[in-house]
Amino acid sequence: MTQAYRSTMDHSMQTTNEWVHQIDEMVTWDDSNRSFRLLRVTLQAIRDMLGVDEAAQLAAQLPLFIRGVYFEGWDPSGTPVKLRDKPDFIARVNEAFTGDQLDDPEEAVSIIFSFLNTRISAGEINEVRGSLRKSLRDIWPAPRDGQCLQRIRRTHGRKSRIRH
């Protein structure tokens with residue numbers, strides 16, 4: 001295994017762990033497996049409501065490991081799915097928690113949306129939100145200018161290469 005490969009994989013796992021840890025703090029579960037499951041199922045539900053090009057554009061801004069999870073089981077010929085309203089989206093997320101139900105699935109999804117605002121460029125978030133039905137946009141706050149950049153500077157202490 002080359003050093004560059006190890007470095008890429010280590011960085012991807014570190015970033016994934018940072019994402020999951022931050023989500024875990026936001027949902028106050030103290031259960032990283034459950035927080036990762038919430039991120040995974042929410043991203044996959046978003047992906048399935050987008051056209052192929054928009055789904056790929058969103059994926060380009062995800063860390064390597066999370067990008068793989070995002071594409072897991074994807075059938076691009078079946079997207080966007082027909083059932084695209086908020087109740088369908090929330091039900092899909094909630095299905096991943098059978099036997100471990102979410103107290104407030106809509107709030108949990110909204111937390112993931114808010115988290116993504118801090119990690120994905122505002123331009124991409126606006127494009128994704130614009131592809132969704134109003135009922136879902138209502139629980140996904142619009143990103144504030146520079147929100148993603150501010151988060152990256154705070155976490156890494158340097159300027160981001162992400163363009164807004």
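Predicted model: local features only at pLDDT ≥ 70, side-chain atom pairs only at ≥ 80, totals over all residues.
Which residue just after α4 takes a positive phi? Select G73: its phi is about 75°.

**Helix α4**

Select residues 64-71, which form α4. Show the side chains of I66, V69 and Y70, which are buried. Now look down the helix axis. The three residues named cover an arc of only 105° around that axis, so they sit on the same side of α4.

**S35 in helix α2**

Next, select residues 32-48, the helix α2, and pick out S35 within this stretch. Is S35 buried or exposed? S35 counts as buried because its relative accessibility is 0%, against a cut-off of under 20%. To see what surrounds S35, display V20, I23, D24, V27 and W29. These are the residues in contact with S35 once its neighbours within four places in sequence are left aside.

For the contact itself, select the following side chains:

- from α2: L38, L39, T42, L43 and I46
- from α6: A108, V109, I112, F113 and L116

Colour this selection by residue class: the contact of α2 with α6 has 9 nonpolar residues, 1 polar residue and no charged residues.

Notes: Residues numbered from 1 in each chain as written. Heavy atoms only, no water. Helix = DSSP H or I, 4+ residues; strand = E, 2+ residues; numbered from the N terminus. Buried < 20%, exposed > 50% of the residue type's maximum accessible area, 1.4 Å probe, protein only. Contact = heavy atoms within 4.5 Å. Nonpolar A, V, L, I, M, F, W, Y, C, P; charged D, E, K, R; others polar. Arc of directions from axis to C-beta.
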